[in-house]
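Please read it alongside the coordinates and the sequence.

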Amino acid sequence: MAQLASFSRFIARWLPGKIQKISVNAGHPCPNRDGTLSRGGCIYCSNAAFSPSYTATAPDIDAQIEAGRRFFARKYPSMRYLVYFQSYTATNARPEEVKRLGERARAHDDVAGCVIATRPDAIDRPLLEWLASFMPEKFMMVEFGAETANDDTLRLINRHHTWAQTVKAVEMAHECGLPVGLHLIFGLPGEDRDRIMATADAVNRLPVSLLKCHHLQVIRDTPLHRLITAGKLTVPQWTPDEYAELCREVLGRLRPDIMVERLLAQAPPDMVVSPRWGLKNYQFIDRYFPSTGQTAGDVRGK
């Protein structure tokens with residue numbers, strides 16, 4: 001059974017002390033939006049639903065790091081940070097530009113390293129080797145948006161990559177010595193319980209250290225919202241109890257060395273069409289997984 005654990009517990013494997021992620025926007029567009037692969041993007045996607053506001057208003061990486069530092073330092077003055085390149089596709093740029101931003105992030109004395117969020121088809125071995133060259137002096141981790149192991153679903157959601165590309169990217173990053181995280185979404189159109197469990201089985205065969213899972217949220221004015229409104233797609237209408245039962249089955253299926261950071265997404269309520277459960281990730285875990293040993297403070301805001 002996988003371990004349900006906060007990011008702070010996960011990162012303690014590598015870094016001592018209090019560590020906080022600061023989300024930044026590298027300004028690199030998604031290849032699924034800029035015309036490289038498509039202009040429509042994934043049908044469920046709204047980047048504004050998960051990016052902190054300062055990433056849109058701060059002019060550069062240094063300003064975004066400083067804005068994040070000011071926010072968190074009020075509570076933990078001695079904290080160190082991981083710069084989390086979260087928005088869109090952090091490696092969708094010329095290698096020299098990706099490296100320039102990485103160098104700027106690591107130049108801050110209180111930055112312990114970086115987490116790079118990207119697509120499995122938007123990275124190569126030379127860049128992975130460059131990232132790995134900074135360990136152990138600076139922690140480096142790559143997080144791939146996989147969403148599902150089912151290629152039929154990936155085509156349906158306009159993802160424009162395959163599970164085979166995810167496998168290749170994860171294995172390359174691991175071979176370079178980098179910890180690897182995967183992002184999964186439960187409840188995508190056409191995905192029943194068997195397909196979700198098949199994804200869990202596929203993840204078990206990969207050298208993955210961390211999973212970030214959440215239920216599908218239908219965000220207002222996305223292509224998914226319009227397709228559902230037009231009666232062209234349907235998605236599961238789980239209750240929190242039903243979703244918790246699904247999560248228990250997934251956790252029980254995963255390897256015990258895999259840590260799961262989250263089970264719930266938290267888009268701004270005014271953007272969410274469904275489901276409108278009114279639960280944050282830490283509240284969901286407190287209610288349905290109290291035996292994990294986490295406290296609300298461990299997972300609040302993650």
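The model is predicted, so local features need pLDDT of at least 70 and side-chain atom pairs count only at pLDDT 80 or more, whereas totals for chains, interfaces and linings use all residues. Residues are numbered from 1 along each chain as its sequence is written, and side-chain values use heavy atoms, with hydrogens and water left out.

**The sheet and strand S6**

An open sheet is formed by 8 strands in the order S1-S9-S7-S6-S5-S4-S3-S2, with parallel pairing. Its edges are strand S1 (3-4) and strand S2 (19-24), each of which pairs on one side only. In general, strands of a sheet pair through backbone hydrogen bonds, either parallel or antiparallel. Strand S6 (residues 180-186) pairs in the parallel sense with strand S5 (residues 139-147) over 5 bridges, and S6 also pairs in the parallel sense with strand S7 (residues 210-215), over 6 bridges. The table lists residues that stand opposite each other in these pairings.

| Residue in S6 | Residue opposite |
|---|---|
| Val180 | Val142 |
| Leu184 | Glu147 |

Buried here means under 20% relative accessible area, exposed means over 50%, and partly exposed lies in between, with a 1.4 Å probe and protein chains only. Because 7 of the 7 residues of S6 are buried, this strand is largely enclosed by the rest of the structure. In a regular strand the side chains alternate between the two faces of the sheet. In S6, Val180, Leu182, Leu184 and Phe186 point one way while Gly181, His183 and Ile185 point the other way.

**Nonpolar cores**

A nonpolar core is a set of buried Ala, Val, Leu, Ile, Met, Phe, Trp, Tyr and Cys residues joined through side-chain atoms within 4.5 Å. The largest one holds 68 residues, of which Phe85, Leu182, Leu211 and Phe284 touch the most other members. Helix H10 (residues 240-253) supplies the largest share of this core, 6 residues. Apart from it lies another core, of 15 residues, among them Phe7, Ile11, Leu82 and Ala117. With contact taken as heavy atoms within 4.5 Å, and leaving aside neighbours within four places in sequence, Leu182 is in contact with residues including Phe144, Trp163, Val203 and Leu211.

**Helix packing**

Axes are lines fitted to C-alpha atoms, for helices over the stretch in contact, and angles run from 0 to 180 degrees between N-to-C directions. Helix H7 (residues 163-175) lies across S5 and S6, running at about 155° to S6. Helix H8 (residues 193-204) packs with H10 at an angle of about 30°, their axes being 9 Å apart. H8 and H10 are therefore roughly parallel to each other, a term that covers angles under 35 degrees. Among the residues that meet in this packing are Ile196, Met197 and Ala200 in H8 and Leu246 and Val250 in H10.

**Two further residues**

His225, placed in helix H9 (residues 223-229), counts as buried because its relative accessibility is 16%. Not counting residues up to four places away in sequence, His225 touches Val218, Ile219, Arg220 and Val273. Asp152, which lies in helix H6 (residues 151-156), counts as partly exposed at 42% relative accessibility.

How values were computed. Helices (H or I, at least four residues) and strands (E, at least two) are DSSP runs, numbered from the N terminus. Two strands pair if DSSP finds at least two bridges between them. Angles under 35 degrees count as roughly parallel, over 145 as roughly antiparallel, 65 to 115 as roughly perpendicular and the rest as oblique.
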